[in-house]
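Please look over the chain shown below before reading the notes on one residue and one set of strands.

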Amino acid sequence: MHDDSALVEARLNRFVRERLQPAIYRATAPLTVTAWVAPGEPVSFAEAVSHPFTPFVVGEAWGPPWGTVWFHLTGTVPPKWAGLAETRIEVVLDLGFTMAVPGFQAEGSAYSADGRLLKGIESLNRTVAVTDTRIDLYIEAAANPNIAADFSFTPTPLGDLATAGTTPLYTLRQADVALRDTQAWHLLQDVMALDGLRRELPASAPRRAKILRALERCLDLLDPDDVGGTASHGRAALAEVLASPANASAHRVHAVGHAHIDSAWLWPVRETVRKVARTFSNVLDLIDRHPDFVFAASSAQQYAWLRDGYPKLFERVRRAVQAGNFVPAGGMWVESDTNMPGGEALARQFVAGKSFFIKEFGVEPLEVWLPDSFGYSAALPQIVRAAGSRWFLTQKLSWNDTNVFPHHSFLWEGLDGSRIFTHFPPVADYNAQLSGLELARAERLYSEKGVANTSLVPFGWGDGGGGPTEEMIAAAHRTASLEGSPTVELSSPRRFFEAAEAEYAAPPVWSGELYLEFHRGTLTSQARTKRGNRRCEHLLREAELWATMAAVRAGAEYPRAALENAWQTVLLQQFHDILPGSSIAWVHQQAECEYARVAAVLEGVIEVGVRALSGPGKDAILLNAGPYAQEGVPALGGVTQVEDSLLGATIAHTPEGWVLSNGDVRVTIDADGLFTSIYDRHADREVVPPGARANLLTLHRDNPTQWDAWDIDTPNARLFEELTEAESVEQVELSALPPGTVGVRVVRQFGASTVTENVTLAGKSSAIDLAFSIDWHERQKLLRLNLALDVAADRAASEIQFGHIFRPTHANTSWDAARFETVAHRWVHVGEPGFGVAVANDSTYGHAITRIAFASEADAAPRVGTTVSLSLLRAPLFPDPTADQGVHNLRVALRVGASIPDAVYEGYRLNLPIRTVTGVGSTPIEPLITVDNPAVVIEAVKLAEDGSGDVIVRVYEAHGTRALARVIRSFEATGMFETDLLERQVASAAVVAADGPELTLRLRPFQLVTLRYAGPS
């Protein structure tokens, strides 16, 4: 026969567009509309309806950016619609929707007249079912601007309330009561499922041809002038091809309803609260009509918002959880970034998240659900295991720009050897619609073929919320068993993981971090947000330590509520679009305010705790919250006086420049403020390569091809200007420095920016401290600090949570080359046998560590060295065109002759400096807990979450070695046992001996252990 398939396809497409879709509604009737404009931030239903509403007409503009308008819709259902078969009556709204996907434009919440939140209104979910002849609805309409603008990455003022303007963004286009033809709607779903499948089948496949001919017969049987009246005939023509079952070997899809709601991104946190309510109400509406539908939602923070702001809706969610249709997933407070949060903070994501789900729902999620974070720390498997979870899900590595990740189901091995079963949905999307294209992609890309055959597809509109729709559930039902398609089962995360794990007896193992080859700039963008995170993490450590000591030693009240609120605030800011710096200006302005508020609260907690311990007086006490003794102050303790060192550093001005020197190191700073020499006296070794200079700032082009705040592109990383010219290089007055410390101040100006750097050296230290104050006013530039080192390091150690990882400094493979910007927390270390250098920081995360070649003065053959570059600041224009503008203060320390233990020490020294409290008594503060092995770090000391008064001590092995350590307490306790992160007793894995106040731990490299000391009875 002749091939007329192209003509049939064209006929089908036009019929669907011009006849079938318009036939969904047999008739419509306009509703009466009145409106009230909220003058500022969103208000409750009760407040809104207390105001007078004024007439409003379809076609009228509404909504300045971020504004809210309440519409009141009233009317009656036309009597002639009553009792009509195969129909459904609903209100249909068009708030001025655009072609943008749901969640990135206008949204609404539909309320009944008595204030019940019925469902959300979105661009692709714009109906409300009508159950009475009288219609009386309120619509809370949010004029959220389309910041994304089809992801053209165009700078816009709309992300800042101060610059967004007041011009209305939207026009009300429809507010009708409508009569849906359910047969026509179902026919459309049949056609979409079959045609979607057909398009993905091979051109030569008989099944493809059979579907096309069935669709052609369907068109023949439909009357273009009476689609609704003939829809049943069209459906009958498709029944046979719809009923043909899936192949026995078909890929098996577990379809999990989902709405990846970003807790902030191109909208502020306050709008996310409403997005959660809209989405969850949509889901509950679907659950009521489809009892086989299961929806999974992560982020305890979002449930907490619902509990506090929409208590009746929260109770409906609670009932749906009990019924098994609504599944709290992930077990974290938010879907956080996992690169930059500190170890204790990442642990608290699980403590806070799981505790909430257990308390509110009696449910403990066993999977970790992070579909969209920008890479995954090698520390995560151990933390997940320590939280009592078993499984991990993400799809983000499908975004890699260089390499294709080789697995979809596998065991992920962390830095300590812990393993968790992990799944990457091969559909490569977390906002799927269950289309034929997506299902075919899941089957095609699935890399475990032949040994396993099951994958998960998260479906539903996400990012900006909305969730699954009735059309998606219809697609799932039609593809449950459909020849040529994967089978689709509406499922839950747990059902999927149990099935996937059971069918895959020996999955492959991936060891180490899951590095995302994309979005590398998120390690640097919005530096103030990152500094706020780092500072608050360490303040929380201090506050819990001194508050616990005050409670145990002085009987002071433990400030549980203040600490919980502070933790929850910091955990929220660690969401994967806040801490990474990829949100609008409003989000980061709010984050900075929240960090300032938390810091003030924690400073108060520290002050109260220390004064309770020391009592009143006229002395000053020096406090050390770090795990190592500093400046004569013991770890985790305090003293009122320390012995002054007789060995101070010296400074001299020579023809080569300023020379800072002590018994450990000598640094020479030339007229440009650069280091021409760093001499290690103990090793008798020059650290700066011949002909090179360290302490070099470089200014790079920063014009990513896409995703401005997210990306650093390879070409821009290599296109830079060296900032060698200094305005001044002069000695810092000794009176401005601590005793025994000397320093040089370097001032540089470039573009519209100024950098002031203080280089200081203390008397008894091999670390050179660099303190920067940067008044930054560049645009689309990247500022880096470069330290050229005569160290032939083939790999670099970078601190991550509860340990460190090694990464090669070469680019031998495409995997190595793609890893050109990497994360480190407080320190990095580069070394060769017998010698190393540590570089610590107090707020920087992005690093580029590379090999360099240089000529030796003694040998013509080139030698290999290493450059450690810290990415200090960026200035992207999207989504925040004012990103990072203004003053930034940050610190870096360079320690020569350093081992990895020295690097660990420097990281804590820089981030937990000695604190002085005045007006207290003269009694020293003895540590509550001590450890005799520096490899074993005490990371947290706190009271138990359950209010029992038990003391919790969290330790980890920090040097990457096996360690035996004695842990000695100096407080009364009636018992001790090991726990998981949720402080539940577990089998002892580390305690090998206990004798009174002492216990002995044996730890493997990077092992994390939580100890619980029961309080006196």
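Predicted model: local features only at pLDDT ≥ 70, side-chain atom pairs only at ≥ 80, totals over all residues.

Residues are numbered from 1 along each chain as its sequence is written, and side-chain values use heavy atoms, with hydrogens and water left out.

**Threonine 529**

- Threonine 529 lies in helix α14, residues 527–554, where helices are DSSP runs of H or I with at least four residues and strands are runs of E with at least two, numbered from the N terminus.
- With a relative accessible area of 0%, threonine 529 is buried (under 20% relative accessible area, calculated with a 1.4 Å probe on protein chains only).
- Beyond its neighbours within four places in sequence, threonine 529 is in contact with Ile578, Leu579, His588, Ala591, Glu592 and Tyr595, contact meaning heavy atoms within 4.5 Å.

- Strand β33 (residues 742–750) pairs with strand β34 (residues 753–761) in the antiparallel sense over nine bridges, two strands being paired if DSSP finds at least two bridges between them.
- Within this pairing, valine 746 stands opposite glutamate 757 of β34.
- Two residues separate β33 from β34 in a hairpin, and glycine 751 in the turn has a positive phi of about 55 degrees.
- β34 also runs antiparallel to strand β35 (residues 767–776), to which eight bridges join it, and threonine 754 has aspartate 775 in β35 as its bridge partner.
- The hairpin formed by β34 and β35 has five residues between the strands.

Definitions and conventions. Buried < 20%, exposed > 50% of the residue type's maximum accessible area, 1.4 Å probe, protein only.
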